[in-house]
Structures are given as structure tokens and as C-alpha cells.
Amino acid sequence: MKYEAEINGHQISLEVEQHNGRVVARAGKRSYDLEVATPERGVYLMFLGDQVHEVRIWSADGNFLQVTVGGRQFTANIIDRKHRRVSEHRLEGPQQIIAPMPGKVVRVLLKPGDEVAAGQGVVIVEAMKMQNEIKSTKAGRILEVRVAEGESVNNKQVLAIVE
Amino acid sequence: MFSKLLIANRGEIAVRIARACREMGISPVAVYSDADRASLHVRVAEQAVHIGPSASNESYLVIEKIIAAARQVGADAIHPGYGFLSENAGFAQAVEDAGLILIGPPASAMRLMGSKTSARIAAQTAGVPLVPGTTNSLATLQEAESVAEAVGYPIMLKAASGGGGKGMRLVRSRDELASAYSLAQSEAASSFNDASVYIEKYIDRPRHVEIQLIGDHHGNIVYLGERECSLQRRHQKVIEECPSPVLDEGLRQRMGEAAVKVARAAGYVNAGTVEFLLDEQRNFYFLEMNTRLQVEHPVTELVTGRDLVHEQIRVAAGEKLSFSQDDILMRGAAIECRIYAEDPDNGFLPSPGVITRLVEPAGPGVRYDSGSYQGWEVPIFYDPLLAKLCVWAETREAAVHRLTRVLDEYTIEGISTTLPFFRAIARDPEFRRGEFDTGFIDRFLDPDARAKRSNDVPADPTLADLAAITAVLHTKASARGAESSQPRSAESRWKLEARLAQRR
């Protein structure tokens, strides 16, 4: 299957086929024939010929994956060209609704138990004299609201959880 | 020796002091605020006293609560750590008045060294060089000229009421002085409502080098070498080393003896640090004295092989220092990185949240002092120091290589940290050569320097390709997990359990 990847801001066109532990891939014009093992959640051991690369990967804020390999750090965003939809990983399980910058909560729009649609506003945070409606990344139900009106919040602070 | 010690602090230093207690057969008592109930420093204690709401000024900074906690558990002594009440003379006095022992200097020494003016006078009296200049304001241009001649150009004209790097003007020669003086005065008047200016010698590309010392109640004071702390961001230390790459044995001895003189003049007891500025000619000038144990003490412990906290406790219990000056030897080199929950790509703003994975570095020459653990939610109320990562090796060059290895092994997920920032510094040629001054970090973080580093695309694209391929594999695996018959994937269930555990 073909994918577009944005790695540290650079675009790479990918083709990836996976059969059990073997991965055959093309990145741009370069070919890779890999054996892959997963010793732990979020850790991929890539065997490229007799080279071995340990790749650690985790989901930061639902928008990007953080990838560390060979002492270097990358942010990754994957787009499935065939289905033209953004990566599924950010929608599984409870999702944190986070503040995109430090500010002050001026309104809490929903409470635990409320149904919420994807893109619906959950909390309004004011920062630098602008009000921002912080939206739910998925449809579901509000599991927790962690802030109250009048409270100051930091960048990336968890505001609410949607399940 | 004490049987019970109350640790009036939190985080990694409280853990470190609790460890010393356990090693010495002393029962450690923790204090904690609401946010810190499940913190590591509580987990390693034998008793723990709740001291209030999360805000520091309602908990860790409230003298009455700390004293009351010590009374409640019957502690003999209190260790204040660093920050919080550690340099609060009122606290030292309150501890004394309560019939308890503070692991630190007497209140009188804290007061004397706590004020910049009295500290400088004490240093001057002890015959220790200060940054040349005046602390009283200049009355006339003529006075400015004669002071500038005496101090020697280049000089800094500084606003007496200024601060935070504002209201300073560099004057390179006598020709520039007259206009600089009148401009500085009018700027000071408009910015600070006070036209007073004074003069300090301008030290170009200074190094910040400090001397660790400790004294007992029997009149012995010993210095334990220096620490190089020039790598600072906005006057906050980020990397510290021992020894300083530019000190030789002679300079170390001169600075050490000067520091001991200052401490003696202050009637100092227990651990303390005298800070100096070094100019490019390796002249040293007294800056200030810190009347407490410092964050970066581990690098001194690694190189001298001495345990400062053990020694602090023993001194406070009335024992003599367990070593003389001649016993202090320095071997090898140590480097410490302060790992903060901050986002280096977003102005180093704090990055609170749950640490979803923590892989602590290990192997030879590693010392890792941490207040965090996997699953812990980093609170927003306090300094976001997660851990101090230190390495020791036989030479500085070996220590730098070890540091690079250790930083690569160390993994923290779930929050942003300064780890990537340190990985980049460890690879920087200027850092590796040990040629830096207090301006290094700011230059390193300069947008042009950063852009150049990120644009230096390595010739081999393999790592980026592997990152991309793995990202695809991970995305597909996560999607498969979400589509499975179980209501939640393993990863998100784990996260949910961690959050629920925090709420209990």
C-alpha cells in the first residue's frame, strides 16, 4: 500500500508491504527488505541485512508520532493515500483533549457523561487576548473534565478526556 | 546521630536525601502536598505528613507546617534540600527556636550571605577579589570617568534600579563614556524612574565556576574542587561539569582557598558553594555564596568519591568532617544534564502530563537521580525537574562519549522533555572541546543556529526512511488494535489505568 509520510517536515512517498515479520518497502527511490520484531509495545527492531536498528515510537498529542532511531528524533505524520484519511491511531481509546497553549479557561461547555461529536467544542481557553474553542478530536462521550472556569492552564495540559 | 530526619522538600532531592537516611540508619520522613501524594519522594519514605494544598506557598513554603510536621513525627532534624526554605534565615531561626537541628548553616551565616551587599563586603574583607566596580551610584560624569579608569575598559554602565538584563550599556573606551553616561541615565530614568547608574567591569565571555565546600562545628572547612556551570539558559543552569576544563591545580587551589576564606569570615558551617566569574585571562571574581546543598552536587560527589549529604548530616549531628583538605582528590570527569519536563521546540514551556514510558539509563559510569517514575503525572505546580542524569569517566572526552550513549538509551514518552536538546548539545563540537562560556546555550538556541542544524540533512537517509516505515507499521497495528473485538486497545487501556491510578 502507498502512503505519504511527513518526517520532520519533509515529505517521503512510501510503499509498504508486510507479511508476518517481513517488510518490503520503498521510500522514494530507495528499497528496503526488512525483518521486523516487536520486543515491547512501541518498540520495533528493524533488521536490515546484518544491521539492526531499534526504533521507538509513541503518540504525542494525537497529531504526530514521535520516533527515535539511531539517536535521532523525528516527528511523523502518515497519510494513507488509498483511503485519503489521516492515520487511525489517534482515534483509538480514550483521547486527551489538550490545551494548545498556556491560557485561562473561560468556559467549560460540556460535563462528564455528555455526548460529543468530532469537532465539537469542549472548553474555551483564552490566551493572548484571543478565545479559542478547544474541540474534541473524535465522537464519543466525555469521560472526564479536568479543569474549571477561571483556572489557568499550561501548554499541552489535559483539559478533558473523551472515550 | 539522629534517629529521624524530616525532609522539607520534594522531587529528586527529597528522594536523594531519603536514600542517604536509609544508608545511615536514620528514618526518613517526607512531607507532601495534595499533588504529591503518590510522588516518588513519598514512596521512598517511612513516614509521610500531608502539609496542604498543591501550591508551594500553601505547603512546602509554610514554615509553621514544616515545623509542626517535624513535631508530629518526633523528628530530630530537618533537611531543607535546595530551593523552597533552604536559604530562608527565618526558617533556620524557627527550626532552632523549636529545638530542632537544621541540616545547614546557622541563620546568621544565611543572613549574611543572603544579601548581595553584605556578601560582597564579607568577600572583600576576606581579601577575595570581586567583580571590579562600585555598588553605590555615580554622582557625576567626572566620578564615572575616574572609576572607569581605575576599573579599566571595557566597562558596563548599569542602572541601579535595573535588572533582568535591562538598563545595561557597554562602554569600550573613554571616548564613548560621556555620551553613554548621559544616555544611560535618561534610559534609566524613563524605564525605572531612577536615573542612578553605577559601573562594573565588563567581563567578556565569562565562565561561571563555583567551589563546593563544607565546614563542621569544630572549625574545619574543606573545599571539594570546582564545578563548571557556564551552560545556562536565561541564567538557569542546564549542564554542569566537574572539573572545569580550564582550571589547573594551581588555580583550583587559589579559588578553593579564597572560597574557604569567605566561608570562614561568615562563620559558615555545613555545605555551601561560592560562585565565581572567570574572565578569559582566568582571573576569578566573587559573585555570591549559596548557603545550601546545590542541585548539581552529584558531579562533585562522582569526581571526589565523597557523599556530601552523608557528610552534611554527620556535621549537623556534631561530628568532625570525615576528611581533611589533603584527603580530597579529584579523579576523572563528570557531567550532569538537568532533564526538565519542558518543550524545547516551544520556548521551553512546561510540559505537564503522564509519563507513559520511562526507560532509565544504566551501565558503567551512570548516576541517575530522579523524582519521576513511569505512570507518574508531572504536576504543574512546581519546577518541572524530572531527573538529573550524570555520567562519570576517566577523562572529559570519555565522559562526553558516555553522555551521548546514555542520552540515547534514556527514553521518556508521554510528555515533552529537554532530552532531544541535550542529545544535540552532546554532539556539538564546541561543547565536545569544552570551549564554551555563559553565552553558549543562547547562541546554540539562536534561530539561525537551529535552522542550520535542522537543515544539515545527513547524506544517509536511512534513519528517516526507517522512521517513516515504522510509523506506517505502527499506525496499521494501532488501527488493527482499535478494530479488534476488545473495547480498547492494549495501549489505551494501559493509559486509562495509569490515569485512574493517579486519581485514587
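## A walk through chain B

Helices (H or I, at least four residues) and strands (E, at least two) are DSSP runs, numbered from the N terminus. A residue is buried if 20 or more other C-beta atoms lie within 10 Å of its own, exposed if 12 or fewer, and partly exposed in between, with C-beta atoms placed from the backbone. After α11(B) comes B:G318, with a positive phi near 95°.

A word on what you are looking at: this is a predicted model, in which local features need pLDDT of at least 70 and side-chain atom pairs count only at pLDDT 80 or more, while totals for chains, interfaces and linings use all residues. Residues are numbered from 1 along each chain as its sequence is written, and chains are lettered from A and ligands numbered from 1 in the order in which they are written.

Now step back to the whole chain. Chain B has 18 helices and 22 strands, and 45% of its 504 residues count as buried. Its C-alpha trace spans about 85 × 60 × 50 Å along the principal axes. A compact globule of 504 residues would have a radius of gyration near 23 Å, and the 25 Å of chain B agrees with this; the radius is taken over C-alpha atoms, and the globule rule is 2.2 Å times the number of residues to the power 0.38.

Next, look for an open sheet of 5 parallel strands in chain B, ordered β3-β2-β1-β4-β5. The edges are taken by β3 (47-50) and β5 (101-102) of chain B, each with a single partner strand, so one side of each has no neighbour in the sheet. Two strands pair if DSSP finds at least two bridges between them; β2 (residues 27-32) of chain B is joined to β3(B) by 4 bridges. Opposite B:V31 you will find B:V49 in β3(B).

Helix α3 (residues 63-73) of chain B has the buried residues B:I66, B:I67, B:A69 and B:A70. Down the axis of α3(B) they fall within an arc of 155°, so they line one face of the helix; the arc is that of the directions from the helix axis to the C-beta atoms. They pack against β1 (4-7), β2, β3, β4 (77-79) and α4 (89-97) of chain B. On the face of α3(B) turned away from the buried side sit the exposed residues B:E64 and B:Q72.

What about the nonpolar interior? A nonpolar core is a set of buried Ala, Val, Leu, Ile, Met, Phe, Trp, Tyr and Cys residues joined through C-beta atoms within 7 Å. The largest has 80 residues, and B:L6, B:I78, B:L213, B:A259 and B:V262 have the most contacts inside it. Helix α1 (residues 11-23) of chain B gives the most to this core, with 7 residues. Domain 1 (4-103) and domain 3 (207-451) of chain B both give residues to this core, so it lies between them; the domain bounds come from an automatic or database domain assignment.

Finally, turn to the neighbouring chain. In all, 40 residues of chain B are in contact with 45 residues of chain A, where contact means that C-beta atoms, placed from the backbone, lie within 7 Å. Helix α17(B) gives the most to the side of chain B that touches chain A, with 17 residues.

Terms used
Contact = placed C-beta atoms within 7 Å.
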